[in-house]
Protein chains: 2
Amino acid sequence: MKVAVTGASGFIGRHVVRRLSLLPGVHVVAVSRRGAGAWLPEGVAHVAADMSAASEGAFEWLGRPDALIHLAWSGLPNYQSRHHFDTHLGEQYRFLEQLVKAGLSTLVCAGTCFEYGMQSGELDESLPTDPCNPYGFAKDALRRELEFLAADSQVRLTWARLFYMYGEGQAPGALYTQFMAAAGRGDAEFRMSGGEQLRDFLPVADVAQHLVALALGHAAHGIVNICSGRPTSVRSLVEGWRDSLGSPIELALGHFPYPSYEPMAFWGSNAKLIRLTREVADAS
Amino acid sequence: MKVAVTGASGFIGRHVVRRLSLLPGVHVVAVSRRGAGAWLPEGVAHVAADMSAASEGAFEWLGRPDALIHLAWSGLPNYQSRHHFDTHLGEQYRFLEQLVKAGLSTLVCAGTCFEYGMQSGELDESLPTDPCNPYGFAKDALRRELEFLAADSQVRLTWARLFYMYGEGQAPGALYTQFMAAAGRGDAEFRMSGGEQLRDFLPVADVAQHLVALALGHAAHGIVNICSGRPTSVRSLVEGWRDSLGSPIELALGHFPYPSYEPMAFWGSNAKLIRLTREVADAS
């Protein structure tokens with residue numbers, strides 16, 4: 001079977017492409033704005049494409065894939081920019097609508113825990129969303145638009161609502177990247193927030209594994225939280241990284257304030273993800 | 001002061017324009033796709049314009065109004081059509097964003113109780129929305145987009161969330177129009193649903209009065225339910241119309257099934273509307 005991946009050169013995309021490329025019988029098409037580079041595993045097909053310029057025929061130049069894992073999104077991590085909805089939402093919808101009309105049968109699309117907005121505690125997929133920044137709003141709106149489209153068409157839609165993740169290849173500003181750089185330099189201390197805030201973290205390789213399994217399942221799973229199901233403090237997370245390195249670096253807790261635009265404690269319910277993972281394992 | 005009204009030739013628009021035209025010191029600009037006709041009160045300025053073709057300079061051809069009551073929306077009452085979001089939402093946002101960037105200071109925009117989705121009972125403005133048809137979704141999305149825009153600009157935004165209304169000039173398919181025609185013809189019976197469903201109804205003239213008051217208030221009121229606050233069965237509503245006519249027409253209750261896409265009982269909280277109305281009365 002053929003699986004296309006948009007945003008293939010991005011943080012998650014690289015892990016997804018790598019994992020797919022190791023599976024026998026899977027033909028991968030990596031789609032990205034930038035050209036192929038060292039990030040592209042040998043033997044993987046590449047298509048350079050910009051969604052905003054996507055003309056008719058996108059399904060053809062993707063090679064008529066059986067499934068699409070759609071990760072592309074522009075302008076991150078600036079969550080507050082209005083471009084997320086005033087231009088990009090429309091581009092995203094038109095691109096995906098075109099593929100569905102041309103015959104795409106399985107679509108796994110990346111969502112975000114920011115769709116939930118300022119809700120605290122354990123968040124499950126049945127909660128009404130209430131996004132409070134333009135990025136979360138635009139993702140939530142795209143999901144609803146695709147749900148209406150799916151109701152009128154043959155496409156099997158899975159909305160993979162991503163929580164926090166970390167790992168190799170993350171953006172320079174990310175906590176993981178910053179910490180690894182500081183520890184690698186042999187810094188005496190690492191400045192961070194109080195670290196008591198509870199979040200839900202997964203290694204990016206696990207996120208990629210879940211996305212691939214959902215795409216290969218060829219079913220309409222609806223919304224699925226991609227998360228650990230475990231509330232974890234940022235402090236514990238960083239201490240875990242430090243322990244894995246055996247680094248003596250001190251954590252300078254409380255150096256930065258807590259962000260006001262996020263709840264102090266929220267994490268995902270992973271009950272649905274676990275159930276789907278079991279079903280896939282039973283079927284194979 | 002100058003107040004522009006889009007959708008001016010529509011059901012609500014005609015009542016709003018008429019009411020504004022009676023106020024001393026108010027200069028009204030009626031905007032509609034169709035040309036001026038008998039619906040336009042004498043002496044009221046008219047601009048023929050289609051939002052989808054709106055080029056730069058819309059604020060100028062509206063005559064730089066102090067406030068806009070924005071009622072235009074295309075393709076009603078087909079609530080299920082995807083045009084509401086795949087083309088019209090973008091047109092609406094671009095039109096309004098352009099006006100705000102050009103200096104519009106007060107915007108009263110029509111929303112809908114369908115933004116609440118399948119929630120039952122009394123609905124107040126603080127509830128998270130959860131629209132379940134493309135029309136309700138597109139209105140909800142436009143509201144959120146305008147809220148982000150308002151946070152970054154000077155515009156004072158009021159989102160007038162309209163519930164059910166009835167009155168002279170309503171569409172041929174509307175219950176009110178159908179009933180009045182049947183009673184006028186001297187029909188023996190009027191076929192309708194069971195009539196037990198509870199809704200929230202206002203005469204359209206009252207809706208127009210509220211919209212005008214909100215626009216003249218020149219404040220950012222946020223979301224305001226435009227409703228009676230009273231759950232009323234459809235049966236009682238129609239019986240009231242019959243009594244007012246002194247008509248002997250029989251109600252054939254239960255002829256049509258209840259619609260499955262709406263809750264059996266929902267109505268608006270009008271606490272905020274009452275508070276705002278009092279404030280306006282106290283200020284004048």
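How many salt bridges does a search of the whole structure find over all chains? The search finds 32. A salt bridge here is a side-chain nitrogen of Lys or Arg within 4 Å of a carboxyl oxygen of Asp or Glu. The model is predicted, so local features need pLDDT of at least 70 and side-chain atom pairs count only at pLDDT 80 or more, while totals for chains, interfaces and linings use all residues. Residues are numbered from 1 along each chain as its sequence is written, chains are lettered from A and ligands numbered from 1 in the order in which they are written, and side-chain values use heavy atoms, with hydrogens and water left out.

Two copies of a chain are related by a rotation about an axis and a shift along it. The same surface serves both copies, as 100% of the contact residues of chain B recur in chain A.

Chain B and chain A each bring 21 residues to the contact (contact means heavy atoms within 4.5 Å). About 1800 Å² is buried between chain B and chain A, and carbon and sulfur atoms give 60% of it. Buried area is the accessible area (1.4 Å probe) that two parts lose on being put together, summed over both. B:Arg82, B:Arg144 and B:Phe148 supply 34% of the area that chain B buries against chain A, more than any other three residues.

Six salt bridges are found between chain B and chain A. In one of them, A:Asp130 pairs with B:Arg144, with the closest N and O atoms 3.3 Å apart. On the side of chain B that touches chain A, helix H3 (83-102) and helix H4 (134-151) each supply at least two residues. H4(B) gives the largest share, seven residues. Helices (H or I, at least four residues) and strands (E, at least two) are DSSP runs, numbered from the N terminus.

Within chain A, A:Glu115 forms a salt bridge with A:Arg161, the closest N and O atoms lying 2.8 Å apart. The partners are 46 residues apart: A:Glu115 sits in the loop between strand E5 (106-112) and strand E6 (121-123), A:Arg161 in strand E7 (residues 156-162). A:Glu115 is buried at 0% relative accessible area. A:Arg161 is buried at 0% as well. Buried means under 20% relative accessible area, exposed over 50%, partly exposed in between (1.4 Å probe, protein chains only). In chain B, B:Glu115 and B:Arg161 also meet in a salt bridge, at 2.8 Å from N to O, and both are buried.

B:Arg235 forms a salt bridge with B:Glu196, with the closest N and O atoms 3.9 Å apart. B:Arg235 lies in helix H7 (residues 234-245) and B:Glu196 in the loop between strand E9 (189-193) and strand E10 (198-199), so the pair ties together parts 39 residues apart in sequence. B:Arg235 is partly exposed at 33% relative accessibility, and B:Glu196 is partly exposed at 47%.

A network of salt bridges links A:Glu115, A:Asp140, A:Arg143, A:Arg144, A:Glu147, A:Arg161 and B:Asp130.
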